Amino acid sequence: MLATPLDPLGTRPPADEPSRASPQVTAWWRTAVIYQVYPRSFADADGDGIGDLPGVTSRLDALRRLGVDALWLSPFYTSPQRDGGYDVADHCDVDPLFGTLADFDELLHQAHARGIRVIADIVPNHSSDRHPWFQEALTSTSGSAERARYLFRDGRGPDGSEPPNNWQSHFGGPAWTRVPAADGTPGQWYLHLFDTSQPDFDWSNAEVRAEFRRVLRFWLDRGIDGFRVDVASSLVKADGLPDVDPSLDEDLAPYTGQPGVHEIYRDWRSILDEYPGDRVLVAESWIKPLTRRADWVRPDEMHQAFNDLFDDWDAPTLRGIVENTLAAFSAVGAPSTWVASNHDTVRQATRLSLPRSDRPNGLGPRSTGVPAYDDTLPRARALAMLTLSLPGAAYLYQGEELGLPEVTDIPDAARQDPTFARTAGEQYGRDGCRVPLPWEADAPSYGFGPGDASWLPQPTIWARLARDRQQDVPGSTLTLYQDALVLRRSRSLAAGPLVWLAGHPPHVLAFRSGRTTVLVNMGSTPTPLPAGDVLLSSTDLDDRTLPSDTAVWMHS
Ligand code: GLC
């Protein structure tokens, strides 16, 4: 047991900045439950098989019923959709696939009317190759102001036929693509840390900085409650774009965590602070160690940074992660965040039962060792209760409240994640966690849209897991989430403080958060429950024992 409880809400001022100690202890984002909507797959109002903003609006009551505090909307901006909308051609408009700006305004209005805040993704590291600036750059000469908004460089080798450095794209293959010069001969190369259709901006360029200030204000003026900042560690690249040293960890790569990036977020924070209503910036930063990631959430930068996904089903490992997280973030006055799944990872109802060492980037028909759904659900449910019981903010990914598994039978021809093509099918990529949601078991496309259309094929298990099959059904995963969110709020679970409890076997994670005792049995043997009332359990309890792969919340 810890001698002193950790300071989960980060209410202690950071030691070196006493004058900035405005703890905002009660700020909504410190303990919020934020639900990620991946608009393509949430709900489709117009029947084209792709989810849209009116679809989200039409289903807001379901999210209010679930009990979330805020939505995070993945990108809905104008985009050719080469990377699910993370390839933005116009940061200040809605793609016709998803609706119009008026549809966005209506969504925001209806969400606010239900007491739900809305955070949007902002994608500042790169644009789409269809962005007018990139199109201008392509038709401009080397060294022009148009090219200077991106990272164009001459190639190496006598005829410039080798990429300017050895950087690799996160989606496979080189991070550089060569473009023709005006006379049609091979010309310069441009950098893209992701797909070839996602050229990286040059953030040393004043025009780029000014443009994103404009983008932030555009959405803040419309009433958005904040931004999830995509690839927040990579905007600034090391001077001279030096080669990656392959012997070093990726966190030390010249495109990750460069000191200059913090100046950008201080600037953004000052813009958000001009607006009323506690607007937030959330970093997608996977940089390690956590003490370094905490730099993104210092008092004058962002409000939150995502935590690593819970990946291990092992009590001592998870305890270490929880302790390190709370310590790292509270040291800078920020809350921790807890995330089990998102649109980039194998869904937790499948992932947690795969051996840790060979978790692939996506699963498909040729994957081996994929666990049977009914065997994996208990862990996913227990993990949900753990995530929702820890001090700080929690993120849910759409469909996890239904216990959806990863979809593994998507045919190759239907796959859309660029990873699949760029690795020649070696990695399946992320389509399996993006399959359109089931709302009604007996409706076409399981209620995703008005007809049968669905941009990725839906599996037959969707009939069993559809929301209408689970709503108000005792024991359903949806009911578990709903009950957990009610208790989390009524018992102020997210406020902590967290105190580890002694006297339990090593395979049981045991702690008290405020007035609630949380126990999670991650081992294979049942263990006796202590005395006290059980408030919620992730599987049925037959007697006073805690079965394997089960979490309970108890009155302490
Ligand atoms: C982030 C997004 C991911 C996207 C990538 C490039 O990691 O979460 O979906 O592909 O950035 O924008």
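User: Which distance separates a polar side-chain atom of histidine 343 from an oxygen atom of the ligand?
Analyst: In this predicted model, local features need pLDDT of at least 70, side-chain atom pairs count only at pLDDT 80 or more, and totals for chains, interfaces and linings use all residues. Residues are numbered from 1 along each chain as its sequence is written, and side-chain values use heavy atoms, with hydrogens and water left out. A polar contact here is a pair of N or O atoms within 3.5 Å. For histidine 343 and the ligand oxygen, the distance is 2.8 Å.

User: How much of the ligand's exposed area does the protein bury?
Analyst: Accessible areas come from the Shrake-Rupley method with a 1.4 Å probe. Taken alone, the ligand exposes 310 Å², and the share buried by the protein is 95%.

User: What is the distance from a ligand oxygen to an N or O atom in the side chain of aspartate 83?
Analyst: Asp83 is listed among the residues that come nearest to the ligand, together with Asp230, Glu284, His343 and Asp344. Its side-chain N or O atom and a ligand oxygen are separated by 2.6 Å.

User: How many residues of the shell around the ligand are charged?
Analyst: Asp, Glu, Lys and Arg count as charged, Ala, Val, Leu, Ile, Met, Phe, Trp, Tyr, Cys and Pro as nonpolar, and the others, Gly among them, as polar. The shell has four nonpolar and three polar residues, and the number of charged ones is seven.

How values were computed
Near = heavy atom within 4 Å. Polar contact = N/O pair within 3.5 Å; in protein donor to acceptor, adjacent residues only side chain to side chain.
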